[in-house]
Amino acid sequence: METNNIKIIQEILVKANKYDLATKLENAYYENELIDNWNGGIGRTIIFVNPKYIMELEKLVEEDIELLIKIFDQMQQEYDEIKYIKFKININMQQNHTQNNELATFWEQGHFKLFISHLAKYKIQATNLKDGLKLYGISGFVAHVDIETSKQWQDEIEKALHTMDALTAILREGFKESNWCDQEVGFAVGKDILIIPIRQGIRPYGFIGKYQAIQGNNTTVQDVAKKVFNTIVKNPKTRNKMLTCLTNLISNSTHIETALKQLEILSEISDLPQELLEQMAKQIENNNVLIHSSDFINKLDVFFNQCGISIILKNKDNISEFIGKIPF
């Protein structure tokens, strides 16, 4: 069973502008098997994937299949040549995903999931940060706010840790001495996810000492939230998930003002994958709220032109029709 190499494969796919395919391999693992022992051995790679992606992956175009075969063939493996790819359901992930997500009701649907590790006496500060992050498509978990009184708080914290996409730690005096805060960070280290230290009185230490800290002193909640978002969107561990969440939130939005603010945030990100933008255009085409807002469509037109995508607006029976196209 190979899991670590999947992250490398996802990075290669992103560089090849196969953003959607990279997303579908999230939390996957693979195994190689011998199918022909002639002349050194011909192998097949079986990729165990998230159940929700299995049907789409089974319908991959030949170009994507050939790219995957090429990548897996170049990975270190025991056979001379990998010739075939097969997809199967990751049963373990299906069980864990069901157990964790059915009960983890505190995350905002469709948002990037960020665990905010903090000392209890600074819960107001952590809550302010959570509120500031929401516009960026980030759902923050603040233990002392998000846990209902009737629920076992330790169980809820564990659910949040198991389902989070990244962790940020507000480093104030006493954080290092707190068993809970230290264990939360240790869990993130063991899970090999992005950790974002926010420096407020103490420096990153131990395993988190290698991470670039955000300065939290003499600044505003809005500035810190923006820096947290920028860190997430620039890191290869989290970039794919963050961009997917943000573009989906924009294209499915029913609030014009929020969609405009999030579009502005998206426009400040460099090197956006063409495949992701094409998918976003198709989703917006089916959004009757956005498509009938001239303000949104005009700003979207400017944004897409900057990204090399043309938009055609047609008036038909006084209804705006939107068509997004990637230039040939």
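Visitor: Which residues do ring pairs link into a cluster?
Guide: Happy to start there. This is a predicted model, in which local features need pLDDT of at least 70 and side-chain atom pairs count only at pLDDT 80 or more, while totals for chains, interfaces and linings use all residues. Residues are numbered from 1 along each chain as its sequence is written, and side-chain values use heavy atoms, leaving out hydrogens and water. Rings of Phe, Tyr and Trp (its six-membered ring) pair if their centres lie within 6.5 Å, with planes under 30 degrees apart counted as stacked, over 60 as edge-to-face and the rest as tilted; the cluster linked this way is Phe106, Trp107, Phe115 and Phe141.

Visitor: How many aromatic pairs are there, and what is the geometry of tyrosine 30 with phenylalanine 72?
Guide: By the ring rule the count comes to 8 aromatic pairs. Tyrosine 30 and phenylalanine 72 lie 4.8 Å centre to centre with 75° between the planes. They link distant parts of the chain, strand E1 (residues 29-36) and helix H4, 42 residues apart.

Visitor: What kind of pair do phenylalanine 106 and phenylalanine 141 form?
Guide: Phenylalanine 106 sits in the loop between helix H5 (91-103) and strand E4 (112-117), and phenylalanine 141 in strand E5 (residues 138-141). Their ring centres are 4.7 Å apart, with 50° between the planes. That pair is tilted.

Visitor: Is phenylalanine 141 buried or exposed?
Guide: Buried means under 20% relative accessible area, exposed over 50%, and partly exposed in between (1.4 Å probe, protein chains only). Phenylalanine 141 has 1% relative accessibility, so it counts as buried.

Visitor: Which residues does aspartate 64 touch, leaving aside those up to four places away in sequence?
Guide: Aspartate 64 lies in helix H4 (residues 62-74), and it counts as buried because its relative accessibility is 10%. With contact meaning heavy atoms within 4.5 Å, aspartate 64 touches Lys18 and Leu21.

Visitor: Why does H13 count as roughly antiparallel to H15, and which residues of H15 make the contact?
Guide: Helix H13 (residues 274-285) and helix H15 (residues 294-306) pack at about 165°, with their axes 13 Å apart. Angles over 145 degrees count as roughly antiparallel, so H13 is roughly antiparallel to H15. On the H13 side the contact is made by Leu277, Met280, Ala281 and Ile284. On the H15 side the residues are Phe296, Leu300, Phe303 and Phe304.

Methods:
Helix = DSSP H or I, 4+ residues; strand = E, 2+ residues; numbered from the N terminus. Axes fitted to C-alpha atoms, helices over the stretch in contact; angles between N-to-C directions. Parallel < 35°, antiparallel > 145°, perpendicular 65-115°, else oblique.
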